[in-house]
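Hello,

My notes follow below it.

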Amino acid sequence: MNIEKSSSPGLPGRGDKDAVKRVGIMGGTFDPIHIGHLILGECAYEQFHLDKVLYMPSGNPPHKRNREGGTNDQRCEMTSLAVKKNPHFELSLEEMHEMGYIYTSITLGRLRRSHPDTHYFFIMGADSLMYFDSWKDPDVIASLCTIVVAVRDHLPTEELDAKIRDLSEKFNADIRKLSSPNVDVSSSMIRSWIAQGRSCRYYLPDEVAEYIRANRIYEA
């Protein structure tokens, strides 16, 4: 079943004065989760004075419907292992659906209904922001959270700033830049290295690397 339109009449917005908790959301396939994901979460926690950061693996992300890699259970377990030692990081299974696809607008709507006292900060990369207006219901997403964008060195500052201005005006979005180190690592790179038998030491939390070895994930 494909989840389509999300209507959100009456949902509380990002600027509610009654919101007393500040929670970051780091979504992704996490196939596998790596140090770059963890560094971004920690930087967001510090910069925006968050109470916690939710690491939210996607069960069947709409833009990766034919994804190959770890199973849902494996990706959840790797994420759990990666975040368990950080008291302000938390695994969230909010988007872990075996049946059908899930959209960010629907996830945020459900979270806001369940936790009306919480102000959400949705963390994304600069690359994702560049095509944000092609996402499902970008206006709904913008109404339900502050968007936090991690800057990447390969994207010119002028281009990113122009996109932020455009989206802010188009969707009345609150978009903030995240100051963080530019760690050149990706899950696809990690998968490729493992398939080639190359070392991923220091790119993965030790517990995640051991889990991958023990379960022979990503091996060619």
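Among contacts in the protein chain between residues at least 6 apart in sequence, what percentage join residues at least 24 apart? The figure is 78%, where contact means heavy atoms within 4.5 Å.

Some ground rules come before the rest. This is a predicted model, in which local features need pLDDT of at least 70 and side-chain atom pairs count only at pLDDT 80 or more, while totals for chains, interfaces and linings use all residues. Residues are numbered from 1 along each chain as its sequence is written, and side-chain values use heavy atoms, with hydrogens and water left out.

Overall content

The protein chain has eight helices and six strands; helices (H or I, at least four residues) and strands (E, at least two) are DSSP runs, numbered from the N terminus. Along the sequence they are arranged as β-α-β-α-β-α-β-α-α-β-α-β-α-α. Of its 220 residues, 48% count as buried (buried is under 20% relative accessible area, exposed over 50%, partly exposed in between, with a 1.4 Å probe and protein chains only). The accessible surface comes to about 11200 Å², and 48% of that belongs to carbon and sulfur atoms. These areas come from the Shrake-Rupley method with a 1.4 Å probe; for residues, only the protein chains shown count as cover.

Strand pairing

Two strands pair if DSSP finds at least two bridges between them. Strand 1 (residues 21–28) runs parallel to strand 2, joined by six bridges, and Gly 27 has Met 56 as its bridge partner in strand 2. Strand 2 (residues 52–57) is largely enclosed by the rest of the structure, because five of its six residues are buried.

Nonpolar cores

A nonpolar core is a set of buried Ala, Val, Leu, Ile, Met, Phe, Trp, Tyr and Cys residues joined through side-chain atoms within 4.5 Å. The largest has 33 residues, and those with the most contacts inside it are Ile 33, Tyr 55, Met 78, Leu 178, Val 208 and Ile 212. Elements giving two or more residues to this core include helix 1, strand 2, helix 2 (72–83) and helix 8 (206–215). Leaving aside neighbours within four places in sequence, the contacts of Leu 178 include Leu 40, Phe 48, Ile 123 and Val 149. A second, separate core has 26 residues, among them Leu 111, Ala 126, Ile 147 and Leu 167.

Individual residues

The structure holds zero disulfides, a disulfide being a pair of cysteine sulfur atoms within 2.5 Å. Cys 76 is buried at 11% relative accessibility, and Cys 145 is buried at 0%. Ser 80 lies in helix 2 and is partly exposed, with a relative accessible area of 26%. Ser 80 and Glu 207 are 127 residues apart in sequence, with a C-alpha to C-alpha distance of 9.8 Å.

Regards
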